[in-house]
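Thanks for taking a look at this one with me.

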Amino acid sequence: LPPGLPLVVDPVLVATSGAELGDASVVAAYRDHVLARATVVTPNFDEALRLTGAGPADPREDVALALHALGPAVVLTGGDAVAPTCHDVVVDGRGRVQTLEHAAVPTTNDHGTGCTFAAALAVHLARGADLIDAATAAQLFVAAALRTSADWRLGRGRGPVAHTFTPARHNPPTQEK
């Protein structure tokens, strides 16, 4: 990895459907080899629980901080198709915690949202945005993709998030430093 280039890791361990996608050896590989090299990790809550050993009743902020203790900054993503608002917990490289709220997009076409978020986050970090601005821009991108695919009817089960749209050019809101 070239110096200064951010490494964003989306630990694909648990699908939105709840299906486990990696066994204990994959979790150990993330913990022992990958996270220490990562700039930021972007798990969903279930993935963060697997990586930290925390329990589902533990506060999201505590789980994010436990993950940060393994090395990287954290964006603990929080989508819930029935809640009106999602909450992403961000722990920066210095261990400061901030929660970013954004409107939920009601849809079952959400397969790939975590990967899409991580890719958008990486783009904005590589362009020089700080973590909060990059996470905010990634949220906006994923929300637009979800709105695009919200009404698609493709086969059975959870459908894909749209990657077939041209996002509006925007500058993410600047946070007070």
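1. **Ground rules.** This is a predicted model, in which local features need pLDDT of at least 70 and side-chain atom pairs count only at pLDDT 80 or more, while totals for chains, interfaces and linings use all residues. Residues are numbered from 1 along each chain as its sequence is written, and side-chain values use heavy atoms, with hydrogens and water left out.

2. **Overall make-up.** The protein chain holds 5 helices and 5 strands. Here helices (H or I, at least four residues) and strands (E, at least two) are DSSP runs, numbered from the N terminus. Read from the N terminus, the order of elements is β-α-β-α-α-β-β-β-α-α. Of the 177 residues in the protein chain, 41% are buried; buried means under 20% relative accessible area, exposed over 50%, and partly exposed in between, with a 1.4 Å probe and protein chains only.

3. **Surface and contacts.** The protein chain has an accessible surface of about 9600 Å², and carbon and sulfur atoms own 55% of that surface. These areas come from the Shrake-Rupley method with a 1.4 Å probe; for residues, only the protein chains shown count as cover. Among contacts in the protein chain with a separation of 6 or more, 58% are between residues 24 or more positions apart. A contact means heavy atoms within 4.5 Å.

4. **The sheet.** In what order do the 5 strands line up in the sheet? The order is β1-β2-β3-β4-β5, in an open sheet with mixed pairing. Its edge strands are β1 (8–9) and β5, each of which pairs on one side only. Two strands count as paired if DSSP finds at least two bridges between them. Strands of a sheet pair through backbone hydrogen bonds, either parallel or antiparallel.

5. **The parallel side.** β1 and β2 pair in the parallel sense over 2 bridges, and V8 stands opposite V40 in β2. Strand β2 (residues 40–41) is also joined to β3 by 2 bridges, again running parallel. In that pairing, V41 stands opposite V74 in β3.

6. **Strand β3.** Are the residues of β3 buried or exposed? In this strand (residues 73–76), A73 and V75 point one way, V74 and L76 point the other, and all are buried. In a regular strand the side chains alternate between the two faces of the sheet. L76 has V89 as its bridge partner in β4, and V75 has V90.

7. Because 5 of its 7 residues are buried, β4 is largely enclosed by the rest of the structure. Strand β4 (residues 85–91) pairs with β5 (residues 97–103) in the antiparallel sense over 7 bridges. C86 stands opposite H102 in β5, and the bridge partner of V89 in β5 is T99. The hairpin has 5 residues between the strands, and G95 takes a positive phi near 85 degrees there.

8. **Helices α2 and α3.** Two packed helices are described by the angle between their axes and the distance between the axes. Helix α2 (residues 45–52) packs on helix α3 (residues 60–68) at an angle of about 50 degrees, with their axes 9 Å apart. That makes α2 oblique to α3. Axes are lines fitted to C-alpha atoms, for helices over the stretch in contact, and angles run from 0 to 180 degrees between N-to-C directions. Angles under 35 degrees count as roughly parallel, over 145 as roughly antiparallel, 65 to 115 as roughly perpendicular and the rest as oblique. The α2 and α3 crossing is left-handed; a crossing is left-handed if the near helix is turned anticlockwise from the far one by less than a right angle, and right-handed if clockwise. Residues of α2 that meet α3 include F45, A48 and L49.

9. **Helices α4 and α5.** Helix α4 (residues 113–126) and helix α5 (residues 131–149) have axes 8 Å apart and pack at an angle of about 135 degrees. They are therefore oblique to each other, and the crossing of α4 and α5 is right-handed. Among the α4 residues in this meeting are F117 and L121, and among those of α5 are F141 and V142.

10. L70 lies in the loop between α3 and β3. With a relative accessible area of 24%, L70 is partly exposed. Leaving aside neighbours within four places in sequence, L70 is in contact with R31, L35, A36 and L51.
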